[in-house]
Amino acid sequence: MSSLDLPVTAKPAAAAAVPVKVRRSLSTRWISVLTLATLLLAWWAVTAAEWIEPLFLPSPEAVLGKAWLLMTQGYMESTLWQHLGASLQRIGLALGAAILTAIPIGIAIGHNRIARGIFDPLIEFYRPIPPLAYLPLIVIWCGIGELSKVLLIYLAIFAPIAIATATGVRTVDPARLRAAQSLGATRAQLIRHVILPSALPDILTGVRIGLGVGWSTLVAAELIAATSGLGFMVQSAAQFLVTDVVVLGILVIALIAFALEMSLRALQRKLVPWHGQSH
Amino acid sequence: MALLQLERISAQYPGAAEPVLADISLSLGPQQLLVALGPSGSGKTSLLNLIAGFVTPSAGRITLDGQAVQGPGADRGVVFQDDALLPWQDVLANVGFGLELAGVPRAQREARAREMLALVDLADFGSRRIWQLSGGQKQRVGLARALAADPRILLMDEPFGALDAFTREQMQELLLQVWQRTAKPVFLITHDIEEAVFLATELVLLAPNPGQIVERLQLDFGQRYAAGESARAIKSDPRFIETREHVLSRVFSQRSATPRKELA
């Protein structure tokens with residue numbers, strides 16, 4: 001009897017176990033996809049039924065058509081690619097400058113009492129101020145050229161990277177420092193071989209946050225007498241009530257932010273594979 | 001041959017009223033495996049930190065081959081309780097890390113690192129990542145890393161404290177083999193009485209408040225293992241059991257207010 005019983009009891013268990021596992025592995029992603037699909041469908045439905053005037057919400061087809069027009073002919077004397085290029089160049093310059101300055105300063109803050117005393121109040125003082133609030137001052141000091149735009153984004157990116165780096169440096173495992181010291185490491189070698197790699201996960205998180213803040217400062221930066229850029233495009237389209245360009249601009253800005261975040265996460269996985277592993 | 005000497009060492013943490021260690025004198029020479037045994041709070045780790053140079057004594061002198069110890073240095077290799085390996089390097093680079101710091105060319109330090117990995121029975125693990133290792137394997141990498149820099153003495157801070165009992169016994173035997181082959185003087189601290197009795201050529205028993213040496217024993221069980229006797233035979237030897245019980249009673253006599261006279 002028992003030989004007969006066994007397969008009978010085993011079968012339902014196995015059959016029950018498999019579908020549960022499959023459903024779990026797909027569910028979160030499918031929920032996200034369904035949410036987006038529902039949103040798109042609702043957008044299409046309300047515009048197709050003409051419940052909302054195109055001035056307030058243009059249809060998805062209109063926005064797509066506008067995208068094609070912008071890519072081929074352009075808006076405000078620049079194509080979509082040129083607007084995108086101008087914005088990416090600004091954020092790229094600002095990010096490069098921020099990485100080159102914020103990481104050494106962050107290491108100094110985390111490592112050295114005097115540096116912490118100097119930089120900590122400065123960073124904490126300007127960090128909570130909305131960029132739009134000190135924008136006029138930057139224009140008065142640095143003019144309306146490219147410098148002011150890059151500087152505004154730079155300031156937004158700098159603080160998160162410096163703070164994250166300092167935190168990473170402060171939380172380096174003291175046992176690792178001692179291990180390196182007992183192997184004969186000098187101060188410079190400690191920074192290069194132990195402190196910097198230990199802080200790298202935090203630094204990359206700082207870059208991710210900084211890039212997010214920097215990208216959202218873009219529109220503010222491109223308020224300064226810009227003639228190209230995604231922020232400028234949205235801004236000037238809004239003044240002429242060209243709603244489809246506004247919607248398109250917002251979508252492109254969101255897509256780029258999403259792509260930046262995803263590529264930084266991939267970079268983090270590649271550069272710090274030990275992060276999240278238990279030691 | 002290396003000789004470490006501690007002359008009347010005291011140590012006190014800034015702001016603390018009581019010293020952590022008072023009037024400790026020790027010497028550690030060739031062929032020696034000195035084990036410091038004591039309950040927590042007896043200043044074992046402070047003693048090791050003093051020798052390693054991570055902290056400076058408030059009184060007394062520490063010398064290695066006649067030269068005063070100042071700060072940490074590559075002449076005293078340290079194996080830590082929680083391996084303290086660098087996860088961004090693979091096993092081979094971790095073992096060769098000390099040589100990298102000393103500016104040794106890559107080919108040479110990798111050859112040396114492979115040699116040390118073979119010594120701790122991890123010959124094929126060079127390209128593994130640190131997080132792919134078990135606790136015992138990590139400790140062996142830590143030991144190989146300390147040895148690769150060719151220190152004059154080896155300091156071990158409760159190296160097997162976090163391992164399970166089975167792995168711990170294997171590691172004790174491995175340590176005795178390595179000690180025998182490299183002929184480095186070893187200073188090891190532990191709170192495991194059987195481990196201390198098994199490994200030590202000289203055992204010092206520390207008591208807390210303030211940390212002081214209350215007993216010194218000359219033992220030969222480790223040497224007997226190194227000479228080829230099996231660990232089980234040694235550990236079931238009546239002399240081993242007697243010594244273990246003696247040390248145990250000494251540890252307990254410190255804890256209770258009334259020491260048991262017949263064993264004191």
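Domain bounds come from an automatic or database domain assignment. For chain A, that assignment gives domain 1 (1–51) and domain 2 (60–271). What you are looking at is a predicted model, in which local features need pLDDT of at least 70, side-chain atom pairs count only at pLDDT 80 or more, and totals for chains, interfaces and linings use all residues. Residues are numbered from 1 along each chain as its sequence is written, while chains are lettered from A and ligands numbered from 1 in the order in which they are written.

**Chain A as a whole**

- Chain A has ten helices and zero strands; helices (H or I, at least four residues) and strands (E, at least two) are DSSP runs, numbered from the N terminus.
- The C-alpha centres of domain 1 and domain 2 of chain A lie 39 Å apart.
- Of the 279 residues in chain A, 31% are buried (20 or more other C-beta atoms within 10 Å of the residue's own, with C-beta atoms placed from the backbone; exposed means 12 or fewer, and partly exposed is in between).

**Two helices that meet in chain A**

- Helix α3 (residues 80–111) and helix α9 (residues 230–239) of chain A pack at an angle of about 125°, with axes 7 Å apart; axes are lines fitted to C-alpha atoms, for helices over the stretch in contact, and angles run from 0 to 180 degrees between N-to-C directions.
- That angle makes α3(A) oblique to α9(A) (under 35 degrees is roughly parallel, over 145 roughly antiparallel, 65 to 115 roughly perpendicular, and the rest oblique).
- A:His83, A:Leu84 and A:Ser87 in α3(A) meet A:Leu230, A:Gly231 and A:Met233 in α9(A); contact means that C-beta atoms, placed from the backbone, lie within 7 Å.

**Where chain A touches chain B**

- Here, 17 residues of chain A are in contact with 21 residues of chain B.
- On the chain A side, α7 (174–182) and α8 (187–221) are the elements that give two or more residues.
- The most comes from α7(A), with six residues.

**A helix to explore in chain B**

- Helix α5 (residues 135–148) of chain B has 14 residues and reaches 20 Å from its first C-alpha to its last, close to the 20 Å expected at 1.5 Å a residue (1.5 Å times one less than the number of residues).
- α5(B) is mostly covered, with eleven of its 14 residues buried, including B:Val141, B:Leu143 and B:Leu147.
- Among the elements covering those buried residues are α4 (106–119), β7 (153–157) and α6 (165–182) of chain B.
- Just after α5(B), B:Asp150 takes a positive phi of about 50°.

Notes. Two residues are in contact if their C-beta atoms, placed from the backbone, lie within 7 Å.
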